[in-house]
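I opened this notebook to record what I looked up in the model, starting from the chain and ending with individual side chains.

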Amino acid sequence: MKLVAAIDFETSTFLNKSKPLESRYNGHGIQIGLVLFNPANEKIYHSISALMSWDCIIHREAEAVHNISEENLREFGTNPLDIMTTAAKFIMNADAVIGHNIKFDIDHLIANLKRCGIKINKDVR
């Protein structure tokens, strides 16, 4: 059975390509949507959609895109470690990872996993 993970990330900043590679993805993943499914039978096995309550500043330009405010994170945010641990399990069980603008999402996923001290033993790029 082939499983696919579909991912979408919203972040606190925009990607800054003028910065060195290691600091381009220093924005926090503040919202994640992730679905683990089998495309052959269209069965959804797991899904998460959550705001993550990092203590971070959301840049105005980013907030204008996704409409997620610092207040939203304080009021509705979940522990990022819990969410990223679950996300790592989804990714490890997936045969493929898909999404719109997937490089952006994967790079931020990896940066946020590292921020939480979570390693995945899989090349998802």
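I took helices (H or I, at least four residues) and strands (E, at least two) as DSSP runs, numbered from the N terminus. The model is predicted, so I kept local features only at pLDDT of at least 70 and side-chain atom pairs only at pLDDT 80 or more, while totals for chains, interfaces and linings use all residues. Residues are numbered from 1 along each chain as its sequence is written, and side-chain values use heavy atoms, with hydrogens and water left out.

Entry on the chain. I found five helices and four strands, which run β-α-β-β-α-α-α-β-α from the N terminus on. Of the 125 residues, 43% count as buried (under 20% relative accessible area, with exposed over 50% and partly exposed in between; 1.4 Å probe, protein chains only).

Entry on Ser 12. I located Ser 12 in the loop between strand 1 (4–11) and helix 1 (21–24). Is Ser 12 buried or exposed? Ser 12 counts as buried because its relative accessibility is 2%. Leaving aside residues up to four places away in sequence, I listed what Ser 12 touches (heavy atoms within 4.5 Å): Gly 27, His 28, Ile 30, Cys 56, Ile 57, Ile 58, His 59 and Ala 62. With His 28, I also noted that the side chain of Ser 12 reaches the backbone nitrogen at 2.9 Å.

Entry on Trp 54. I noted that the charged end of Arg 115 sits over the ring of Trp 54, 5.5 Å from the ring centre (the criterion being NZ of Lys or CZ of Arg within 6 Å of the ring centre and within 35 degrees of the ring normal).

Technical notes:
Polar contact = N/O pair within 3.5 Å; in protein donor to acceptor, adjacent residues only side chain to side chain.
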